[in-house]
Amino acid sequence: MADTDQSLGALRHAMTAAHAAPPAPAAAPEVAPGPAKPKIDPQGRAYATGKRKNAVARVWIKPGSGKILVNGRESPVYFARPVLRMMMNQPFVVAERVGQYDVVCTVVGGGLSGQAGAVRHGISKALTYYEPGLRPVLKSGGYLTRDSRVVERKKYGKAKARRSFQFSKR
């Protein structure tokens, strides 16, 4: 009991000493960040990685005539469906930069729809690295957000992720 009284007294003494001490100098005010600088490699390209479902796209953009190469092939050859090509060009349309950049990208994994989404995500990120002023426009359109929806895994005792086997009363 005596030890408790002594330790409480020491604590009370330490607390009063802490309150009597002068306050520490205030931290330096936070400096507002200046305008973002473009991230451009020595070849004059901006690089970004885009992801969608199980597809991953590595995208390089540089000023040019608007040519898009996907895995070494032209985009109309690789993405034959017009919807997929339209999806890829959405960032350029929103940013009003159609035909101003050449795009070279490599895509792996997933199907064609996921790959087109990954290329779109990569192009959007690369545009913001090349022209940081485009970030608010692309962000408000939702092009910089990685779509995290992926296929749900199959569970044991089920036919698919949630589908049960057909019920038989007898």
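Is tyrosine 78 buried or exposed? Tyrosine 78 is buried, because its relative accessible area is 13% and buried means under 20%. Bear in mind that this is a predicted model. The points below take up the aromatic rings, then the strands, then one arginine.

1. **Tyrosine 78 and its partner.** The structure holds 4 aromatic pairs. One of them joins tyrosine 78 to phenylalanine 79. The ring centres of tyrosine 78 and phenylalanine 79 are 4.9 Å apart, and the planes stand at 85°. That makes the pair edge-to-face. Phenylalanine 79 has 0% relative accessibility, so phenylalanine 79 counts as buried.

2. **Reading a ring pair.** Two values describe a pair of aromatic rings: the distance of the centres and the angle of the planes. Look for both when you check the next pair.

3. **Tyrosine 101 and tyrosine 130.** The centres of these two rings, tyrosine 101 and tyrosine 130, are 5.4 Å apart. Their planes meet at 80°, so this pair is edge-to-face. The pair links distant parts of the chain, 29 residues apart. Tyrosine 101 is in strand β5 (residues 101–108), while tyrosine 130 is in helix α4 (residues 112–130). Both tyrosine 101 and tyrosine 130 are buried.

4. **A ring cluster.** Ring pairs join Phe92, Tyr101 and Tyr130 into a cluster.

5. **Strands β1 and β2.** Strand β1 covers residues 46–52, and strand β2 covers residues 55–63. The two strands, β1 and β2, run antiparallel and are joined by 7 bridges. One place to look is alanine 48, whose bridge partner in β2 is valine 59. The hairpin of β1 and β2 has 2 residues between the strands. In this hairpin, lysine 53 takes a positive phi near 50°.

6. **Strands β2 and β5.** Which way do β2 and β5 pair, parallel or antiparallel? β2 and β5 pair in the antiparallel sense, over 8 bridges. Valine 59 stands opposite cysteine 105 in β5. Valine 59 is also the bridge partner of alanine 48.

7. **Arginine 52.** Where does arginine 52 sit? Arginine 52 is in strand β1. Its relative accessibility is 16%, so arginine 52 counts as buried. Set aside its neighbours within four places in sequence. Arginine 52 is then in contact with Gly114, Gly117, Ala118, Arg146, Asp147 and Arg149.

How values were computed
Residues numbered from 1 in each chain as written. Predicted model: local features only at pLDDT ≥ 70, side-chain atom pairs only at ≥ 80, totals over all residues. Heavy atoms only, no water. Helix = DSSP H or I, 4+ residues; strand = E, 2+ residues; numbered from the N terminus. Buried < 20%, exposed > 50% of the residue type's maximum accessible area, 1.4 Å probe, protein only. Contact = heavy atoms within 4.5 Å. Phe/Tyr/Trp six-rings, centres within 6.5 Å; stacked < 30°, edge-to-face > 60°. Pairing = 2+ DSSP bridges.
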